[in-house]
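Here is a short note for a colleague who is opening this structure for the first time. Please keep the sequence and the model side by side while reading.

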Amino acid sequence: STGVATDVRDMSNKQILLNTEAIAVNQDALSIPGDLVHSLGKGQTWTKPLSGGKSWAVVLYNSELIFGHTACLLAFTPTMLPGWNPAHTAAHVRDIWAHRDLGVFNGTFSKSYSARHSGMFIISPA
């Protein structure tokens, strides 16, 4: 089950709770939590391997409380994606919130977010 730490009656966007791709990550058969694998300033990168051994869930998060955009970075390396084959330098990126494939990126993927905003992605070797 998934817990919610807010009064859902006051939520302006309940679609986050109904996102089937995010629920699938939460309910993944490996049942392991994500790890903070990179932090620079207020930008954080959290990753976790998914069952099947060929993809990872990634959250990029700006932990700034009030002001400022922050860049969040993911490098396609075993350090950030445990179990990643270092021979792969490119990755396919899917935006879970937008339900959209973003394409193939070489070496890294980064996004900039305003304070307390985040993105959630599925990463797989290209």
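1. Start with burial. A residue is buried under 20% relative accessible area, exposed over 50%, and partly exposed in between (1.4 Å probe, protein chains only).

2. Next, the ground rules. This is a predicted model, in which local features need pLDDT of at least 70 and side-chain atom pairs count only at pLDDT 80 or more, while totals for chains, interfaces and linings use all residues. Residues are numbered from 1 along each chain as its sequence is written, and side-chain values use heavy atoms, with hydrogens and water left out.

3. Now the sheet. Six strands form an open sheet in the order β1-β2-β3-β8-β5-β6, and the pairing is antiparallel. β1 and β6 (100–106) stand at the edges; each has a single partner strand, so one side of each lacks a neighbour in the sheet. Neighbouring strands here are turned by 25° against each other on average, direction ignored. The angle is taken between axes, which are lines fitted to C-alpha atoms (for helices over the stretch in contact); angles run from 0 to 180 degrees between N-to-C directions.

4. Two terms need their cut-offs. Strands (E, at least two residues) and helices (H or I, at least four) are DSSP runs, numbered from the N terminus. Two strands pair if DSSP finds at least two bridges between them.

5. Look at the hairpin. β1 (residues 35–40) and β2 (residues 43–49) pair in the antiparallel sense over five bridges. Two residues lie between these strands, and Gly41 in the turn has a positive phi of about 60°. Leu40 stands opposite Gly43 in β2.

6. β2 has another partner. With β3 (residues 56–62), β2 pairs in the antiparallel sense over seven bridges. Here Gln44 stands opposite Tyr61 in β3.

7. How many salt bridges does the structure hold? There are two. The term means a side-chain nitrogen of Lys or Arg within 4 Å of a carboxyl oxygen of Asp or Glu.

8. Take Glu21 and Arg94. Their side chains meet in a salt bridge (2.6 Å, N to O). The pair links distant parts of the chain, 73 residues apart: Glu21 is in helix α2 (residues 20–26), Arg94 in strand β5 (residues 90–95). Glu21 counts as buried because its relative accessibility is 18%. Arg94, at 22%, counts as partly exposed.

9. Arg94 also meets Asp101 in a salt bridge (3.0 Å, N to O). Asp101 is partly exposed, with a relative accessible area of 44%. Through shared partners, salt bridges join Glu21, Arg94 and Asp101 into one network.
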